[in-house]
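Trainee: I would like to go through this model and ask what stands behind each label.
Mentor: Go ahead, and we will set each value against its cut-off.

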Amino acid sequence: MPVYTVSHVDNLRICVIMVGLPARGKSLISQKIVRYLSWLSIKTKCFSISSYRREETKRQPTAEFFDPNNENAKLIREQANTDALKDLIKWFNDENGCVGILDSSNITREKRSNLISILKENKIEPMFLESFCDNNDIVKSNILDVNSTSPDYQGKSENYAIDDLMEKINYYEKLYEPMSIEHEKDLTFIKLVNVHQQIIINKIGNYLQSRIAYYVMNLHIKPRYIWLSRHGESQYNLEGKIGGDASLSERGFKYAQKLEEMVKAYIPDSEKLTVWTSTLIRTQQTAQHLPYPKKTWKALDELDAGVCDGLTYEEIAEKYPEDFKARDDDKFEYRYRGGESYRDVIVRLEPIIMELENQENVLVITHQAVLRCIYAYFMNVPQEQSPWMSIPLHTLIRLEPRAYETLVTRIKADIPAVSTYKEKGTSKLGESKSSTNFMVGDVISSDK
């Protein structure tokens, strides 16, 4: 199945134009849309005006740079907007892009009208996404997140960032014309008011627009953690077999006991935790000591290996040599006979991702292929690389989604387990020798 292109999705090219004051989560929302649509094989790219401004000025601009009366800065800002829009249109034309995102403020109706004219001339459909927020607590939280993640404030103190951003916001507020049905009823737009307090949707008219709207309605932009773990080592893992519904090994049961201790030690507000598992025995046994509400999802079951279920890789290579090679050649697209591909897993995981985006305090206990797909979503890992990611056993994984990246921490239980990783071109199991297949982030021991 190919990547979606213009001809595959409504014959449309869509530009999502962000709207709103600084510190309203626009960059976070932009990056999340990129991750989501790219994960679904829809070619998507974000064009951030702030990166173009930094390129124009060769420095981190201060609040005075955004003073409407600063004529020199105004010229630079306009040039940055022009360059970003030029690159966006070039990307649509040269790379057959499907959804481009223009991450900027676009706070006046005049500017939005100019963008519409340019995009329409280039046969690109504009879709506005405004993040409106007048809740001071949310704004302050967003400011702190901008300070810790934005390149504009790299190396700056928290107090500096707060003062500078507040001054920048004051300049923008003087010109801000929020979107409304009263003034822009003919435009396609989504307006988020104080994140999810109110959502206004206007003139959503095609598949891609409705897909984006549905996703944005489920977004959670507050700082939080996502917790993931594979099941404990299973009997099939010891025997090198794939699939099946085997029970845990002795060491797997030890991990299940240890996991309760790790959750209490490392997960904030663990008493509010909800645990999600697959329907398979090994994930439920892994969760058995966790005294929290549990939810079982069929969608979290391991990739179905079809006729190869219960075989070792050596047996697959011997019985189905053509399939063994085909899977190595294109692991993402290859579908086991009578089973699934990684692309199939992503399709059934979409409801899980929607729920994860709308939840707090969730621990997902699932399987290697499923975790690879979830990790690829949060880390924006390319499709061809995601099936080769190393996801170790007996490890609690913490993901912290931020505006410009997702931070990863692995907490090892220090309980030995076999490796279930198969390197490309071999039927033997053992950890990857390629650093590109390793999870990023810090690794800590649960015994420290």
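Mentor: The model is a predicted one. Start with the open sheet of six strands, which has mixed pairing and the order β2-β3-β1-β4-β5-β6.

Trainee: What makes β2 and β6 edge strands?

Mentor: Strand β2 (44-48) and strand β6 (198-202) each pair on one side only. Across this sheet, neighbouring strands are turned by 15° against each other on average, with direction ignored.

Trainee: How do you know that β1 and β3 are paired?

Mentor: Pairing requires at least two bridges between the strands. Strand β1 (residues 14-19) and strand β3 (residues 99-103) have four, in the parallel sense, so they count as paired. In one of the bridges, C15 has G100 of β3 as its partner.

Trainee: Which helix packs on the sheet, and which strands does that helix touch?

Mentor: Helix α4 (residues 109-121) touches β1, β3 and β4 (125-132). The direction of α4 makes about 155° with that of β4.

Trainee: Why is T312 called buried?

Mentor: The cut-off for buried is under 20% relative accessible area. T312 has 12%, so the label applies. T312 lies in the loop between β9 (294-296) and α12 (313-319). Not counting residues up to four places away in sequence, T312 touches E239, G240 and K241.

Trainee: Which residues touch the most other members of the largest nonpolar core?

Mentor: That core has 69 residues, and the ones in question are I33, V99, L129, L300, L349, L356 and I374. Helix α15 (residues 368-379) gives the largest share of this core, nine residues.

Trainee: What does I374 contact, leaving aside its neighbours within four places in sequence?

Mentor: I374 is in contact with L228, L300, L349 and L356. Another core, of 22 residues, lies apart from the largest one and includes Y52, A84, L85 and I89.

Trainee: How much space lies in the largest pocket, and which residues are closest to its centre?

Mentor: The space is about 680 Å³. Of the 24 lining residues, R77, E78, N81, T108 and K111 are the closest to the centre.

Trainee: Which elements give two or more residues to the lining of the largest pocket?

Mentor: They are α2 (49-57), α3 (71-95), α4 and α6 (158-173). The largest share of that lining, six residues, comes from α3.

Methods:
Residues are numbered from 1 along each chain as its sequence is written. This is a predicted model: local features need pLDDT of at least 70, side-chain atom pairs count only at pLDDT 80 or more; totals for chains, interfaces and linings use all residues. Side-chain values use heavy atoms; hydrogens and water are left out. A nonpolar core is a set of buried Ala, Val, Leu, Ile, Met, Phe, Trp, Tyr and Cys residues joined through side-chain atoms within 4.5 Å. Buried means under 20% relative accessible area, exposed over 50%, partly exposed in between (1.4 Å probe, protein chains only). Contact means heavy atoms within 4.5 Å. Axes are lines fitted to C-alpha atoms, for helices over the stretch in contact, and angles run from 0 to 180 degrees between N-to-C directions. On a 1 Å grid over the protein atoms alone, a cavity is a set of points where a 1.4 Å probe fits but cannot get out, and a pocket is an open set with protein on both sides within 12 Å along at least five of seven lines; lining residues have an atom within 4 Å of a point. Grid points are joined across faces, edges and corners, and a volume is the space filled by probe spheres set on the points.
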